[in-house]
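Q: Hi! I'm new to this one, could you walk me through it?
A: Happy to, let's have a look.

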Amino acid sequence: MLFKNILEEELKNRIGQNYFCDFDFVKIIGKIDFCVILKNHEHLEETISLFWAEAKKGKSDIYKSIIQLILTIGKARTFDKELPPPFIGAFDAEKIAFIPYNEIQEIFYQNDFNWKVAPSNHKTKEFEFLFKKIRTILEKNSLIFYFHKDEKDLQNFIKLNFIKGKTKFSKIQIDKNNFLTVYLKWLENVKNTIVINWKIAQQTGIIDADFFLADLLSVENQTLKEKLYVILKKNYYELDRIFDGMGMFQSKKAFFKDNQKTHLEFWKKYQRPPKKEYWDYIIKRRDLLVPQDVRERKGSFFTPKIWVEMSQKYISDVFGEDWQDEYFIWDCAAGTGNLLNGLTNKYNIWASTIDQQDVDIMKDRIKNGTNLLESHVFKFDFLNDDLSKLPKSLSDIINNPEKREKLIIYINPPYAEGDARIGRGRKNIQKSKVHDRYKNYLGKASGELFAQFFIRIYKEMQGCLIAQFSTLKHLQAPNFSNFRNNFEAKLEKMFIVPAKTFDNVKGNFPIGFMIWNTSKEKKFKSFNTDIYDDKSNFIGIKKIYSYDNKKLISVLIEKKKNKLTNGISIGHMSSSGNDFQNQNALFIENLEKRKKAGGRNTIISSSNFINISIYFAVRKCIKSTWLNDREQFLYPKAKWKKDKEFQNDCLAFTLFNNNIDIKYGTNHWIPFTENEVNAKDKFESNFMTNYISGKINKNKNIKLEFSEEAKKLFESGKELWIYYHLQENCNVNASFYNIKEHFQGRSKSGRMKNKSDDENYTKLIDDLRNNLNIIAKKIEIKVYEYEFLKK
């Protein structure tokens, strides 16, 4: 509950301040608990009330609270002394209810009713009589909002309805900007009250969105649009509507578990249907209502208009301005067909999708002006169906080598992945006839659905053109090396954009649009791609590499991985992958805290400390962005081995960038002596200062020499350590991580806070971070010079 464990008076105050601050909610009228009145009412002849309510602390039966309010009003005949408000209601710590006053006002004019009973006594025969008499009216006409989940709806309701002269509810309008929000609330409230096995329903192609659309496009619980997959018929849903062999109509029905109570309560708040101008948009954007796993598997992702238009411009650049008349276009993962928006020659366009619902939506949109032919829109499972099932008009093109070279497969395919060998990704996601047929060609990429699309197109429609959206995995990822060896098509033109510009795509990585010519054999090695930001502004050109046959940076640490040397381990490094997208999986912590599952776990000792520092600093000195997310770090040129300044810069960077914590074992990472920081006692370990002074590294008695930038970093670190050791409750063995924890503290969730209230600490840590950034920039130059990264 939002207002848990507070007294009734405080509850009234909080409700007033949170929701009715634009009104007078302090004035008391008779014995009514809570009143909302127009402000500046003193100059008016009469007080203009907007809302009278009963208040209850904790949780309550909201309808019984309204009955108590009615008894309070009737007993004092408040309506004779004050103008009644347009709405009355009740609230408690979790919810608030409203009902138009005119729905219950007749109750006050009953003959022979005893209004003298105590309203708070819910056991009197009068209370029970009223409750029984008007309960149906309350259930039908009242609106209930829960503070923790309906706050925005409640605020909108108050804004729409708390107006002088208002006597009826104005419901919340649904439009193209808020229909997804309403759907999410419907999922939370209504879905589970429908009697249906959702798992089995989904396997047959029926999803919860179909029920929501049936609700949304209805009047008085009767769906208006007959071509939807599910229809609402007053108090039940009708689905799988077919005519049998005798021409008789058959259908299945789905009812409500709670006699439709929750469903009716939910839809009281919203105006149905939306304005007709939004219908086509909402149906077209059904992809937003498809569950995440289904979207990923079937490709129900909506390509933003700006990138649809941009992709068609790029196609025009490659094939000429008359390409729509001279070429044939097939979107074999069409969804509801939005990728084909803007195309003009419907006689040269085909659209197929795995879902019959999406086929029906496209055909319905054709009736409303979409530029497609019904005969060119069809259901087809591209990863399982035989090409013989294609319409003859399209089949004739594919089977004619000359025409096939004029066929553009224009797609934004599904991107879900699964890998049964290692138990990663969605279970059984990779299973398809195409997978079984071409898994040896795909190798480790066989679980990627978009790779299955591409390999089938390449192998079975050789010579055609492909214009496709996808991530850059098939260009760069090591797991796609087999794919690249077997997909030898010429990349003609390309652009990349931030993935976050696509609906429901999470992550900070690039999505590319690529045009391939499969009639020209060329193995992908590199390509200069155009770059656009999230506003479609051109921001430059970037070279994309395949990294095939390249040694990766992991080689730097793999030779001595997990081997103890000289009998001492000072920690362990966890790492994964060799690219920026795995940057957050790279960290150094105590050996005792090591997580054994997943990724690389490398024990750190004096024998590999420099290599560990180089590996760590090189991968951490440059921030991960959407643009570099898929770039691979490589094993460098040999020159790095003689660059001691670079090596020691990396060591300095690593010393102030780790998660070593004395709670989990000895801290071997203190880069100063006791005297340098005025420690109150001897350190448990002097490993790091001994290592730096040359006492325990490979070249004994050779002291490490540091650059001016590294010296400044050490100096700012020393000032921080000295300040920490002045604290009364300091731990002499504290690590850099512990010092930050001491001054910054932790939030209620247990996370370390970002800031400290200690001004002196803030100045010291800011100085250290500034020097750390300086040395990171210096290391970055060497990263490109020694080709840890390709320019």
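Q: Is C730 buried or exposed?
A: C730 is buried, at a relative accessible area of 15%. Buried means under 20%, exposed over 50%, and partly exposed in between, with a 1.4 Å probe and protein chains only. This is a predicted model, where local features need pLDDT of at least 70, side-chain atom pairs count only at pLDDT 80 or more, and totals for chains, interfaces and linings use all residues. Residues are numbered from 1 along each chain as its sequence is written, and side-chain values use heavy atoms, leaving out hydrogens and water.

Q: And what about C464, buried or exposed?
A: C464 is buried, with a relative accessible area of 0%.

Q: How many disulfides are there?
A: The structure has 0 disulfides, counting a pair of cysteine sulfur atoms within 2.5 Å as one.

Q: New topic: where is E309?
A: E309 is in helix α12; helices are DSSP runs (H or I, at least four residues) and strands are too (E, at least two), numbered from the N terminus. E309 is partly exposed, at 45% relative accessibility.

Q: How far apart are the C-alpha atoms of E309 and L343?
A: They are separated by 9.8 Å, and the two residues are 34 residues apart along the chain.

Q: Last one: where is D322?
A: D322 sits in the loop between α12 (305–319) and α13 (323–326). D322 is partly exposed, with a relative accessible area of 40%.
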